[in-house]
Amino acid sequence: MPVFTVHIRDEWLVVPCRDATNTIRWLGHEALKRYMKNKPDNGGIAAVKDARFVVRRCQGLGLLDADDTVEDVLEDNDFVELAIEGDTMSPDFIPYEPGVSHLTAAYREPREYIALDGNSLTSTDLVNLGRGLYKIKLTPEAEQKVVLSRELLDTIVKENKVVYGITTGFGKFARTVIPVSKLKELQENLVRSHSAGVGNPLSPERTRMLLALRINVLAKGYSGISPETLHAMIEAFNASCLSFVPEKGTVGASGDLAPLSHLALGLMGEGKMWSPKSGWADAKYVLEAHGLKPISLKPKEGLALINGTQMITSLGAEAVERAQAIARQADIIAALTLEVLKGTTKAFDSDIHKLRPHPGQIEVAQRFRSLLDSDHHPSQIAESHRFCDRVQDAYTMRCCPQVHGVTNDTITFVLNIINTEINSATDNPMVFAERGETISGGNFHGEYPAKALDFLAIAVHELASISERRIERLCNPSLSELPAFLVNEGGLNSGFMIAHCTAAALVSENKVLCHPSSVDSLSTSAATEDHVSMGGWAARKALRVVEHVEQVLAIELLAACQGIEFLRPLRTTTPLEKVYELVRSVVKPWIKDRFMSPDIEAVHRLLLDQKVWNVAKPYIDKYQSEFIPESRPGSPTAFSLDSPVSARKRVRLE
């Protein structure tokens, strides 16, 4: 028998439906009867049959026709809202930022699993878990470690030992011993009181990442979580039952207390929760609709759920993965701009970069050669200015290996920090089952990921800074030899004039966002937590910087492709022609002024999906395959692209 959860004003009501051919009007009347039964004044409703109302699904917020049958428009356990005429739609359906979740539209429950052991999860895995591509299970080794850790904690409680966070209060109250009879209440109070965050909730994808990462850390077996609670968390993840987690409120030590408390609160059946089936609703109803029960906290489990750097790290994982994707696509976009501006490739000669052998610099120069080398990819555009008198280009083109290169090296550094943090135990106290003791420490302090993400923001911003200057060169006729703002009939048409302004605005915004948050610290918890990392803001602003970089480079790619139109019928190199064709598959040439934002968004989506990289990568790989490790007497040493500590070098076959 289908069952539906109906929201009326401030209440959620479960309405069974014995006959699925009943109409939405019937469902509304049935829900109103149940609502009025609980109200002394019938909720101000004179009679059910006279009530006028509208009904909408919580998922997607679509209004339902009163004459449609239940079986035609709803599924079993669906969540709907009924709004009585004169009422406003409920504020309980909370929007999240940024944009629309990938989990809401055409959601398909994943069939594949990632086995977590607390030691081998990567940032790529974590982002894919956030996207809903996998479910989670534990490895047998992790299961055993969790069991042993919990057995030690149960022994501590049974023997009435005084241990921080298990039989005492927290922070300033660490010396207050709590009676055994109140240990469960202690943990529940901890989660409730620490659920003090503010701001928009994390998107479903980011909340999935947060939950998955906390599960991975608990799977290491040093937190004392019980197998029952950990499995309940895994079941909630696999059903995409995701707590309301405000994005603001963490100072990054002791860990991300506020956001992780909100995460735990929903799992306890309190506060709000979201799932693809329900949209936003009361947590207890969302869990119930998926056949799940709220977790019941045992001693130390509240602390185990909320003490760690998982919000900083999960957001940081997304930031560094996106940074890596846009950094390699930035090389392709800059190469296309260089072609349009009729620049020279001499600055990318491998011998120049062997003399300053930073791995990122060598890698970027090689990418430029792989896209522009006339021996491999003849370019009619390059041939058209072969004998011009220009000796060298502006820094924004000539120095791409040096500027883009250090961004790549910084990303590599940050990836190492984030992947280490992903698989680190960041709880306190630590439970060492093999030693039979718990030890208090400071692994919850977020300084490592905070500093790394501040570095990331500074480094990746430079891709937008240099890109904006290339956009200026493309739009400025005195620098490009192209029509002003890349459009015919200038004056009547403004072309890329304001697109360049948008790029400049984003770069300026990034300059402020790149101020490191981790240089700040404010003492909290009555001076017990007297130095903090501010890593939550480091992670959130790093994501904003990366998004701005993506948008600026989307504008440059649009502008470079528009520049190609004015050089026709000449053609660029084969890989860059493929990039041009990709852009033209989603955006038409700019013949006259039109609404530009959708064009920018379409190309931004290409970059997010890494389609620009995927188009060019086969040509880059083919070019690089013609380089072999070789030692030439008397030649300078260069590092391998594969290993920053390798003394091997790649030289072109002569």
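**Salt bridges and confidence**

Lys298 and Glu228 form a salt bridge, with their closest N and O atoms 4.0 Å apart; the term stands for a side-chain nitrogen of Lys or Arg within 4 Å of a carboxyl oxygen of Asp or Glu. Because Lys298 sits in the loop between helix H9 (283–289) and helix H10 (301–306) while Glu228 belongs to helix H7 (residues 227–238), the pair ties together parts that are 70 residues apart in sequence. Helices here are DSSP runs (H or I, at least four residues), numbered from the N terminus. Lys298 is partly exposed, at a relative accessible area of 30%, and Glu228 is exposed, at 51%. Buried means under 20% relative accessible area, exposed over 50%, and partly exposed in between (1.4 Å probe, protein chains only).

This is a predicted model, in which local features need pLDDT of at least 70 and side-chain atom pairs count only at pLDDT 80 or more, whereas totals for chains, interfaces and linings use all residues. Residues are numbered from 1 along each chain as its sequence is written, and side-chain values use heavy atoms, without hydrogens and water.

By the rule above, the count is 34 salt bridges. One of them joins Glu318 to Arg206, with the closest N and O atoms 2.8 Å apart. Glu318 is in helix H11 (residues 310–340) and Arg206 in helix H6 (residues 204–218), 112 residues apart. Glu318 is buried, at 11% relative accessible area, as is Arg206, at 13%.

The mean pLDDT (the predictor's confidence in each residue, from 0 to 100) of the chain is 89. Over residues 89–93, however, pLDDT stays under 50. Where pLDDT is low, the predicted coordinates should not be read in detail.

Definitions and conventions. Contact = heavy atoms within 4.5 Å. Helix = DSSP H or I, 4+ residues; strand = E, 2+ residues; numbered from the N terminus.
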